[in-house]
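Please read this briefing with the sequence and the model side by side.

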Amino acid sequence: MPLGQRSGDKSDSRYCGVETDFDDDMPQALAFNLSGGFDLVVAPLVDPNYRPSLARDEADGSSVLPVVASDLVLCPSQWSSHVVGKISTWIDLDSEDENVRMNSEIALKQEIAWASHLSLQACLLPSPRGPSCGNYARCVNQILQGLNNMQLWLRIPLKKSKLMDDDSGGGHTVDTWEWWNSFRLLCEHPSQLAVALDVLSSLPSLTSLGRWFGEPVRAAIIHTDSFLTNARGYPCLSKQHQKLMTGFFNHSVQIVISGKLVHNDSLGSSFTKHDDDPNEVMPRHSLRCYLDYVAFLYQRMDPLSEQERFELAYRDFLQSPLQPLMDNLEAQTYETFEKDTVKYSQYQRAVHKALLDRVPDVKASTVTTVLMVVGAGRGPLVRVSLQAAEETGRKLKVYAVEKNPNAVVTLHSLIKLEGWENMVTIVSSDMRCWNAPEKADILVSELLGSFGDNELSPECLDGAQRFLKHDGISIPSSYTSFLQPITASKLYNDVKAHKDVAHFETAYVVKLQSVAMLAPTQPVFTFEHPDYTVKKSNQRYKRLRFEIPPDTGSAIVHGFAGYFDAKLYKDVHLGIEPATATPNMFSWFAIFFPLRTPLCVPPGSPLEVHFWRCCGSTKVWYEWCVTSPHSLPIHNSNGRSYWVGL
C-alpha cells in the first residue's frame with residue numbers, strides 16, 4: 001500500500017519495497033512481504049549456488065535453470081507490479097579468472113531472459129567492482145539491444161570519495177559516481193539503463209550527492225544499519241539522510257529497505273492486521289519499523305501546491321518555445337497563461353507605482369495618463385492596468401494593441417462586457433507597424449520568454465518605443481538572461497532519441513525536474529527599455545566561466561539551463577532565475593540548451609562557455625559552445641534553430 005496520502009502525488013515514490021533472500025516459495029514470500037506493508041520485493045530469480053559450468057558438467061549440458069518459481073505460480077500482473085528481479089551478486093564480468101567471467105556472462109543472459117519472460121518491469125544488476133567495467137558494460141549493452149520494456153537498474157554504492165592506496169605506493173580517489181559514468185558511456189542504449197543507489201551509514205558531501213538528481217535514479221536501497229536509534233528506541237535517520245530522502249521523494253525515486261533487523265522492535269506488536277481483511281491477523285514483518293519510519297518521512301512532506309500540480313505533466317518534457325511574433329497563439333494557450341495570478345498581480349503593482357510617479361495627487365482628477373498595452377492578447381494586462389488606475393484614483397486611457405485577429409475578437413467582447421468602451425481603444429495591428437495617434441506615458445508588455453529575450457521582446461519594443469514619450473515608462477524596464485550548467489540525463493536522451501544533429505541545435509522549454517544544478521547561475525544578456533540609442537538589437541556575445549565546487553567530484557554536463565529576471569518597474573521584479581524566482585508563478589519554465597556530446601568536468605576544473613545572440617534581417621538565433629576543459633563544436637552555427645518575424 002502507498003506510504004501515505006499526499007495530495008497530487010502520483011509518482012512511484014509513494015511505494016516502498018524490500019530486498020529479500022532467495023526463496024523457492026515465491027507466492028508465500030510475496031504474500032508475507034505485501035501483507036507486511038511493502039509494495040514490492042527485490043528478489044533473486046535464481047538459486048545463488050547455481051553456476052552454469054557446474055550445471056553443464058553435472059547434467060551433460062541439459063540442465064534446467066534453478067529459478068525461484070515457475071511463471072505460473074503468480075499471475076502476470078503480480079510479477080510485473082510487485083517483483084523486481086535481483087540478478088545474482090556473484091556475477092563478475094570483469095574478473096581476471098576466465099572461468100568466473102564466462103560463468104558470469106552465461107548467467108547474466110539467462111537470468112535477464114527469464115526476467116523478461118516473466119514480464120518484470122525491472123531487474124537489479126550487481127554493482128561493478130570498480131570503474132574498470134568494460135566487459136560488464138559490453139554484455140549489458142548487448143542485452144539492452146534486444147530488450148523491450150524492461151529496465152535494468154545498475155546497483156551503485158553511495159560512498160564518500162576517499163583516497164585509497166594502490167599497488168604503486170601512491171593513491172587514488174574512489175568516487176562511485178565514476179563507476180556509473182564509465183558504465184553508461186559504454187552503452188549505446190542508455191534510456192533503459194537506470195541506477196539503484198545503495199544508501200549506507202555515511203554519505204558523500206551534499207554537492208556530491210546533488211549530481212545524482214540529474215541521473216536516472218529509479219530506486220534508493222536503504223540499509224537497516226544506516227538507521228540510528230531515537231530516544232524511544234525506534235529507528236531514525238540522520239538529518240543528512242532525511243534531506244536525501246526528501247530529495248528522493250521529490251524525484252520519484254522508490255525506496256527499498258534492505259538488511260536484517262538491527263533495532264529493538266519490541267515496541268511494536270508481534271502481529272498486525274491484514275490490509276484486505278481486518279479480522280485476519282498476520283505475523284508482524286521484522287522490518288516493519290523501518291517501513292513505518294520511511295512512511296513518517298513521506299507523510300510529513302507538504303502536499304503538492306497548486307503550481308506543482310499544474311506543472312506535473314510538464315516535468316522533464318521538451319517543448320518547442322512559443323513564437324508569438326510569427327504564430328498566432330491558440331485560446332487554450334492564452335487561458336493557461338491567464339491563470340497565473342501571481343504574474344498579473346506583479347504587473348498591477350508595477351502599473352500602480354508608475355501611475356503614482358507619473359501623476360501627483362494634486363493632478364489626479366485632471367490629468368489622464370495614456371497607457372499602451374502592446375501584445376494585449378485577450379486582455380489580462382488591460383484589466384490589471386485599469387484596476388491599478390482605480391486603486392490609485394488616476395484617470396487612464398488605454399490602447400490595447402494586438403496582432404492576432406482571433407484574440408482581438410475576444411478583446412472586443414471583454415471591453416463590451418466590462419463597459420470599458422470609453423477607456424479602452426482596441427488596435428488590431430502589429431505594434432511595429434502601427435502609427436499611434438498620440439504618445440504614451442506608460443508602455444506595458446509581456447513579451448518575455450524563458451530566456452528573457454527569446455520571444456523577441458527587444459526587437460518588438462525597439463519598434464514600439466517610438467510612440468513612448470521620452471520621459472515615458474516602459475514596463476518591463478529591463479530584463480537579464482541567466483545560464484547554468486546542468487546534468488540532465490533524461491533530457492539528453494530524449495534529444496538524442498531523434499538521431500539527428502538538428503535537435504541538438506534547438507533550445508527547448510522544459511519544467512526541469514530530474515536535473516542536477518552544477519554551479520550558480522551567471523548573467524548573460526541584459527536589455528533595457530526605453531533605449532533610444534538602439535533601433536535594432538545587434539549581435540551580442542558573452543563568455544562565461546563556471547566553477548564547479550571541487551567536492552562535487554567529476555560531473556557530466558549535458559547542457560545549460562537558461563532563465564530570466566525582469567525588472568518591471570522600480571523594485572517590482574518578475575522572473576524564474578532560481579535565486580530570485582517569483583514564488584508560485586508558472587507562466588515560464590526554464591529553457592534548455594543541449595550539448596551534442598556530454599562533457600565530463602574533472603573536480604575543480606573550470607567550465608568555459610561562449611554564448612551568442614545573433615540577429616539577421618529576418619530572424620534571431622542563439623549559438624553556444626564550450627572551450628574548457630576541452631573544446632566542443634559550436635552549436636547552431638548555421639542558425640538552423642531560430643526565431644522569426646522581424
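A residue is called buried when its relative accessible area is under 20%, exposed when that area is over 50%, and partly exposed in between, with a 1.4 Å probe and protein chains only. This is a predicted model, in which local features need pLDDT of at least 70 and side-chain atom pairs count only at pLDDT 80 or more, while totals for chains, interfaces and linings use all residues. Residues are numbered from 1 along each chain as its sequence is written, and side-chain values use heavy atoms, with hydrogens and water left out.

**Salt bridges**

- A salt bridge is a side-chain nitrogen of Lys or Arg within 4 Å of a carboxyl oxygen of Asp or Glu, and a search of the whole structure finds 29 of these salt bridges.
- One of them joins Glu19 to Lys86, with the closest N and O atoms 2.7 Å apart; this pair links distant parts of the chain, since Glu19 is in strand β1 (residues 16-19) and Lys86 is in strand β3 (residues 83-86), 67 residues apart.
- Helices (H or I, at least four residues) and strands (E, at least two) are DSSP runs, numbered from the N terminus.
- Glu19 counts as buried because its relative accessibility is 12%, and Lys86 counts as buried because its value is 14%.
- Glu19 and Lys86 also belong, with Arg155 and Asp198, to a network of salt bridges.
- Arg596 and Glu505 meet through their side chains in a salt bridge of 2.9 Å, N to O; Arg596 lies in strand β27 (residues 590-601) and Glu505 in the loop between α16 (489-496) and β21 (508-510), so the pair ties together parts that are 91 residues apart in sequence.
- Arg596 is partly exposed at 24% relative accessibility, whereas Glu505 is buried with a relative accessible area of 4%.

**A pair of strands**

- Two strands pair if DSSP finds at least two bridges between them, and strand β28 (residues 606-615) is joined to β29 by 8 bridges, the two running antiparallel.
- A hairpin connects β28 to β29 through 3 residues, and the bridge partner of Cys615 in β29 is Val620.
- Of the 10 residues of strand β29 (residues 619-628), 8 are buried, so this strand is largely enclosed by the rest of the structure.
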